[in-house]
Amino acid sequence: LHMPERASIIWGYLPLIVPVMLVLCFLVIFGAFQLLRENLRKFWFTTLWLCFPLGFALIGSILTVHPFNVRYSILAFPPFLTLVSLGIVHMKNDWGRAVVAAGVLLISLASLTNYFFNERYHREDNRSASRFLSLHAVPDDLVIASAAYTAQNLRHYYHGERIKIVGYPTHKSLEEDNSIHPDPPGALYVEDGHP
C-alpha cells in the first residue's frame, strides 16, 4: 500500500488473484446470505466480526508507516471460515459441493506450501538475519532495517561486535522530546538505544 508502483504490482498478480478471489467471494457472500435467512442476529455478529479487523488493519497500514500484513487481520479469519463453510454446506448439488470444497483445500495447500517452502513468501526471519550479522558484522557497521519495527528484534537476537542498527523509515517523534518514550515506534535505533 505504500509502494509507488502498487497498481502495477497488483496487476502482475491478477491472473492468480482473480480466480481465488472469485471463488472465495462467492462462498462468503453465499454463506452470508444463508446466515441472513437463518438468523439476523448471527448474520450481523459474524459480518461485523469479519469487517472490523480487516478495516482496522487496512486503515492502520494506510495511516502509519507499517505495511499491511495479513497476520494483522487474523481476528477476521474465524468469521471468514464460518461464512465460507456455510457457503459450501448450503450448496444443493453434492458434486458441486465436493468440487468447491476440494478447490478451497487446494488453494489453502498452495498458500501454505508457498509460506513454508518458497522464500519469496516467507515472513521476516529476524533470528536468521541476526545470526548472519553476528557472524559477519565488524565493529561500527551500520545496518539499516527496511522496516523500522524490525530494528528492535534484530538488536534482541544479535550477539556480536558493537554495530549500529537503524530502523527506516524514521518517525516524526524523533523531532520531539523522547525522554518519556525513548524508543518511539519507527524511530532511528542504534545499538545503545539512542536516536
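## Leu35 and its surroundings

Apart from neighbours within four places in sequence, Leu35 is in contact with Leu40, Lys42, Phe43, Thr46, Leu83 and Leu86, where contact means heavy atoms within 4.5 Å. Leu35 is found in helix H1; helices (H or I, at least four residues) and strands (E, at least two) are DSSP runs, numbered from the N terminus. With a relative accessibility of 6%, Leu35 counts as buried, given that buried means under 20% relative accessible area, exposed over 50% and partly exposed in between, for a 1.4 Å probe and protein chains only. Leu35 and Thr82 are 47 residues apart in sequence, and their C-alpha atoms are 9.8 Å apart in space.

## Basis of the model

This is a predicted model, in which local features need pLDDT of at least 70 and side-chain atom pairs count only at pLDDT 80 or more, whereas totals for chains, interfaces and linings use all residues. Residues are numbered from 1 along each chain as its sequence is written, and side-chain values use heavy atoms, with hydrogens and water left out.

## Chain overview

The chain contains six helices and two strands, and along the sequence these follow the pattern α-α-α-α-α-β-α-β. Of the 195 residues in the chain, 26% are buried. Among contacts between residues at least 6 apart in sequence, 50% join residues at least 24 apart.

Helix H1 covers residues 6-38 and spans only 40 Å between its end C-alpha atoms, while a straight helix of 33 residues would span 48 Å at 1.5 Å a residue; the expected span is 1.5 Å times one less than the number of residues. H1 bends by about 65° at Leu14, and Pro15 follows within four residues, the bend being the angle between axes fitted to the seven residues ending at a position and the seven starting there. In H1 the buried residues include Leu24, Leu27, Val28, Gly31, Ala32, Gln34 and Leu35, and their cover includes helix H2 (40-63), helix H3 (77-89) and helix H4 (94-117).

For H3, the 13 residues should span 18 Å at 1.5 Å a residue, which agrees with the 18 Å between its end C-alpha atoms. Its buried residues are Pro79, Leu83, Val84, Leu86, Gly87 and Ile88, and these pack against H1, H2 and H4.

## The crossing of H5 and H6

The axes of helix H5 (residues 126-136) and helix H6 (residues 150-157) come within 8 Å and cross at roughly 55°; axes are lines fitted to C-alpha atoms, for helices over the stretch in contact, with angles running from 0 to 180 degrees between N-to-C directions. H5 and H6 are therefore oblique to each other, since angles under 35 degrees count as roughly parallel, over 145 as roughly antiparallel, 65 to 115 as roughly perpendicular and the rest as oblique. From H5, Asn126, Arg127, Ala129, Ser130 and Ser134 meet Thr150, Asn153, Leu154 and Tyr157 in H6.

Asp140 lies in the loop between H5 and strand S1 (142-145), and has a positive phi of about 70° although it is not a glycine. Most residues other than glycine have a negative phi. Asp140 is exposed, with a relative accessible area of 63%.

Leu58, in helix H2, is partly exposed, with a relative accessible area of 40%. The C-alpha atoms of Leu58 and Tyr72 are separated by 9.0 Å, the two residues being 14 apart along the chain.
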